[in-house]
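Here is my note on the model you sent.

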Amino acid sequence: MNQQPPNHGSNRREFLSGRSISKAVESRVDVTPEEDGDAKPVSTLLTHLSRRAMATEFEIYLNRRSDYEDIEAALEALELLDSLENMMSVYREQSDLSVLNRTAQLEPQVVDVALYEVLQRGQQIYRATNGAFDMTATPLSKLWGFHHREGRLPDEREIQDTLALVGGRHVILDDEVLSVRYDRPLQLDLGAIGKGYALDRLAQSLLVAGIDSFLLHGGLSSVRASGCRDGRQGWRVKLNHPLTPAKPLGEVELQDQSLATSGCGNQFFYHRGKRLGHIIDPRSGYPVEWQGEGVHSATVIAPDAMTADALATGFYVMGVEAAESFCEEWPEIAAIFVVPARGGRTETVTVGQLEHCWEPVPEQ
Ligand code: AMP
Ligand code: MG
């Protein structure tokens with residue numbers, strides 16, 4: 001993204017498991033038929049399909065007027081998830097990514113166009129965020145104990161040694177032949193971008209099948225919307241407060257857009273009263289909250305879900321000010337942060353152009 005814009009294309013327990021976006025499209029799926037001018041009822045019910053993959057629930061919402069063929073097409077789209085997981089998971093030894101992690105330091109490896117597409121976007125976002133988003137951060141996550149969900153405090157020397165094994169600049173992509181090379185041993189992980197990519201692939205599959213209105217969820221932290229819900233301009237999703245999930249923050253109306261939220265999830269530990277979360281600043285080697293207060297959550301709205309997912313992680317690391325400069329340069333990107341405020345309170349801060357699509361719940 002250094003040369004080109006992104007392609008157009010947590011609360012305790014609940015946010016902590018990614019529940020910053022309420023499960024349903026609206027607080028309730030409206031079962032009351034609306035009436036149009038001729039007093040004919042127009043159903044506002046939704047058709048809902050889901051499938052578990054990548055340790056999360058993927059969901060498709062279609063307008064109820066969808067017919068049998070649409071449902072077949074949606075099921076077919078969900079079938080894609082198996083092969084995407086086989087491609088991107090680092091928890092499967094034979095996944096394309098695991099194989100790449102074992103071989104790319106030896107010589108350039110030609111990869112499938114789909115994997116190349118994710119790595120290429122990941123690298124663009126690595127550069128555009130000045131390294132805040134970095135797919136090579138895994139050794140740091142492991143060092144801090146997040147991979148086994150047992151946080152530990154490494155010493156400075158361990159951090160410096162591990163930083164030598166981290167850095168997107170060590171990933172060399174060749175757009176001509178779609179090959180990937182590491183100039184040192186690296187462990188790429190797509191945990192902060194892969195779910196978004198999966199949503200984009202589901203969307204592409206539905207669009208090709210001729211379905212242009214749908215809402216997709218990848219767990220509760222990633223959403224992609226296309227077209228509109230019957231009777232509306234787009235699709236409305238609710239955001240809940242990261243620290244108090246029962247408290248709504250507001251609603252975003254997405255129009256052919258995607259949204260993703262990053263926070264410190266259920267993966268954190270306390271050190272000297274400070275909560276240290278699983279998102280690491282790959283430049284310093286420390287969890288984001290180590291210095292300063294950090295933010296409670298970063299929600300990003302972008303044209304596609306892969307960009308929203310990666311940038312939500314990047315913006316969580318960068319904080320509000322750097323995100324502001326970013327959105328000035330990339331006007332199709334906007335963000336909603338929940339940040340600490342005086343007296344233990346929190347504040348919602350928006351960045352970029354959100355005037356027409358963000359409706360905050362008024363402060364009580
Ligand atoms: P997300 O929930 O999309 O923000 O992704 C968080 C996951 O991405 C973490 O659990 C780590 O596996 C990985 N990760 C941690 N820090 C970073 C970072 N700075 N850039 C990219 N991935 C990261
Ligand atoms: Mg992410």
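1. **Conventions.** This is a predicted model: local features need pLDDT of at least 70, side-chain atom pairs count only at pLDDT 80 or more, and totals for chains, interfaces and linings use all residues. Residues are numbered from 1 along each chain as its sequence is written, chains are lettered from A and ligands numbered from 1 in the order in which they are written, and side-chain values use heavy atoms, with hydrogens and water left out.

2. **Overall make-up.** The protein has nine helices and 20 strands (DSSP runs, H or I of at least four residues for helices, E of at least two for strands, numbered from the N terminus). Of its 364 residues, 54% are buried (under 20% relative accessible area, 1.4 Å probe, protein chains only).

3. **Ligand shell.** Around ligand 1 there are 13 residues, and A132, S262, H278, I280 and T313 come nearest (near: a heavy atom within 4 Å). Seven are nonpolar, four polar and two charged (Ala, Val, Leu, Ile, Met, Phe, Trp, Tyr, Cys and Pro are nonpolar; Asp, Glu, Lys and Arg charged; the others, Gly among them, polar). Helix α8 (residues 305-318) gives the largest share, three residues.

4. **Polar contacts of the ligand.** Which side chains have a polar atom 2.6 Å or 2.7 Å from an oxygen atom of ligand 1? S262 has the 2.6 Å pair, and H278 the 2.7 Å pair. D134 uses a polar backbone atom, 3.0 Å from a nitrogen atom of the ligand. A polar contact is a pair of N or O atoms within 3.5 Å. On its own, ligand 1 has 500 Å² of accessible area, and the protein covers 85% of this.

5. **Second largest pocket.** Its volume is about 360 Å³ (the space filled by probe spheres set on the grid points). A pocket is an open set of points on a 1 Å grid, with protein on both sides within 12 Å along at least five of seven lines; lining residues have an atom within 4 Å of a point. There are 19 lining residues, with L243, R275, E293, H296 and P340 closest to the centre. Eight are nonpolar, six polar and five charged.

6. **Largest cavity.** This holds about 40 Å³ of space; in a cavity, a 1.4 Å probe fits but cannot get out. Of its 10 lining residues, L239, N240, L249, S297 and T299 are closest to the centre. Strands β10 (235-240), β17 (297-302) and β18 (334-340) each give two or more residues. The lining has five nonpolar, five polar and no charged residues.

Key. A polar contact is a pair of N or O atoms within 3.5 Å; within protein, one must be able to donate a hydrogen and the other to accept it, and residues adjacent in sequence count only if both atoms are side-chain atoms. Accessible areas come from the Shrake-Rupley method with a 1.4 Å probe; for residues, only the protein chains shown count as cover. Buried means under 20% relative accessible area, exposed over 50%, partly exposed in between (1.4 Å probe, protein chains only).
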